[in-house]
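Subject: A structure for you, with notes

Hi,

Here is the structure I wanted to hand over to you. Please open it next to these notes, which follow below.

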Amino acid sequence: TMVSSGKEKSYLGVMLDVSRNAIMSVDGLKRFIINLEKMGYNSLQLYTEDTYEIESEPLFGYMRGRYTGAEIKEIDGYARELGIELIPCIQVLAHLGHLPRWEDYAPHMDMADVLLVGDERVYTLIDNMLSTIAKCFTTRKIHIGMDEAFCLGMGRYLRQNGYRNQLDILLEHLSRVKALTD
């Protein structure tokens with residue numbers, strides 16, 4: 001992906017999904033970063049779902065394979081030394097299908113992998129996600145994923161709030177997440 005925005009430098013980067021089955025080892029990720037540097041890339045978006053540790057959320061990514069904060073900092077520092085900007089990609093609405101297996105999260109899901117918009121526990125979780133990311137990554141850029149929430153508002157949300165247009169629910173959630181990123 002090539003991204004360029006006016007006066008800022010151009011980016012040539014790739015998004016690497018480390019949320020399927022098992023995370024790539026730190027050494028494996030370092031080898032990947034070396035190859036990116038050799039090919040002239042200058043950014044790596046690290047796509048995670050629940051594959052990073054959040055100190056205040058001990059069940060987030062538990063028994064799933066996840067990077068610790070120290071590992072992310074190590075990877076970030078290594079990438080930076082090679083001129084690669086490590087950019088976090090997190091999910092704040094859907095793609096969180098492993099969370100409901102834990103009692104702490106199940107009541108805060110709309111559907112199987114979609115968070116319950118409007119639930120205050122959801123925004124505490126997202127705030128904890130953002131705080132962790134801010135501590136572990138050097139960059140102030142973040143890729144916020146809210147895609148593929150196909151059944152948004154059709155599960156627990158519908159039972160609690162009645163029917164609402166999905167776009168309205170999504171925009172409400174976007175507004176709340178934006179406030180947290182600010």
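A word on naming before anything else: helices (H or I, at least four residues) and strands (E, at least two) are DSSP runs, numbered from the N terminus. This is a predicted model, in which local features need pLDDT of at least 70 and side-chain atom pairs count only at pLDDT 80 or more, while totals for chains, interfaces and linings use all residues. Residues are numbered from 1 along each chain as its sequence is written, and side-chain values use heavy atoms, with hydrogens and water left out.

Met-63 sits in the loop between β3 and α2. Its phi is positive, about 60°, although Met-63 is not a glycine. Met-63 counts as exposed because its relative accessibility is 65%; here exposed means over 50% relative accessible area, buried under 20%, and partly exposed in between (1.4 Å probe, protein chains only).

Glu-148 is another non-glycine with a positive phi, of about 55°. You will find Glu-148 in the loop between β7 (143-145) and α4 (156-161). At 43% relative accessibility, Glu-148 counts as partly exposed.

**The core**

In soluble globular proteins, nonpolar side chains tend to be buried together. A nonpolar core here is a set of buried Ala, Val, Leu, Ile, Met, Phe, Trp, Tyr and Cys residues joined through side-chain atoms within 4.5 Å. The largest one has 45 residues, and Ile-126 and Met-129 touch the most other members. Two or more residues each come from α1 (26-38), β3 (43-47), α2 (69-81), β4 (85-91), β6 (114-115), α3 (120-136) and α5 (166-181). Of these, α3 gives the most, with eight residues.

Helix α3 has 17 residues and reaches 25 Å from its first C-alpha to its last. That is close to the 24 Å expected at 1.5 Å a residue, the expected span being 1.5 Å times one less than the number of residues. The buried residues of α3 are Val-122, Tyr-123, Leu-125, Ile-126, Asn-128, Met-129, Leu-130, Thr-132, Ile-133 and Cys-136. They pack against α2, β4, β6, β7 and α5, where contact means heavy atoms within 4.5 Å.

Which residues does Met-129 touch, not counting residues up to four places away in sequence? They are Tyr-52, Ile-54, Phe-60, Ile-90, Gln-91, Val-92 and Leu-96. Met-129 counts as buried because its relative accessibility is 0%. From Met-129 to Leu-171, 42 residues apart in sequence, the C-alpha to C-alpha distance is 20 Å.

**Helix α2**

Helix α2 has 13 residues, and its first and last C-alpha atoms are 18 Å apart, close to the 18 Å expected at 1.5 Å a residue. Gly-69, Ile-72, Ile-75, Asp-76, Gly-77 and Ala-79 are buried in α2, and what covers them includes α1, β4 and α3. Gly-77 counts as buried because its relative accessibility is 15%. Just after α2, Gly-83 takes a positive phi of about 80°.

Grid points are joined across faces, edges and corners, and a volume is the space filled by probe spheres set on the points.

The second largest pocket holds about 190 Å³ of space. Among its lining residues are Glu-53, Glu-55, Lys-73, Asn-128, Ser-131, Thr-132 and Lys-135. Helices α2 and α3 each give two or more residues to this lining, with the largest share, five residues, coming from α3. By class, the lining has three nonpolar, five polar and four charged residues.

The whole structure has one cavity of 30 Å³ or more. The largest cavity has a volume of about 40 Å³ and is lined by Leu-46, Thr-48, Tyr-52, Ile-72, Pro-88, Cys-89, Ile-133 and Phe-137. Its lining divides into seven nonpolar, one polar and no charged residues; Ala, Val, Leu, Ile, Met, Phe, Trp, Tyr, Cys and Pro count as nonpolar, Asp, Glu, Lys and Arg as charged, and the others, Gly among them, as polar.

Best wishes

Note on methods: On a 1 Å grid over the protein atoms alone, a cavity is a set of points where a 1.4 Å probe fits but cannot get out, and a pocket is an open set with protein on both sides within 12 Å along at least five of seven lines; lining residues have an atom within 4 Å of a point.
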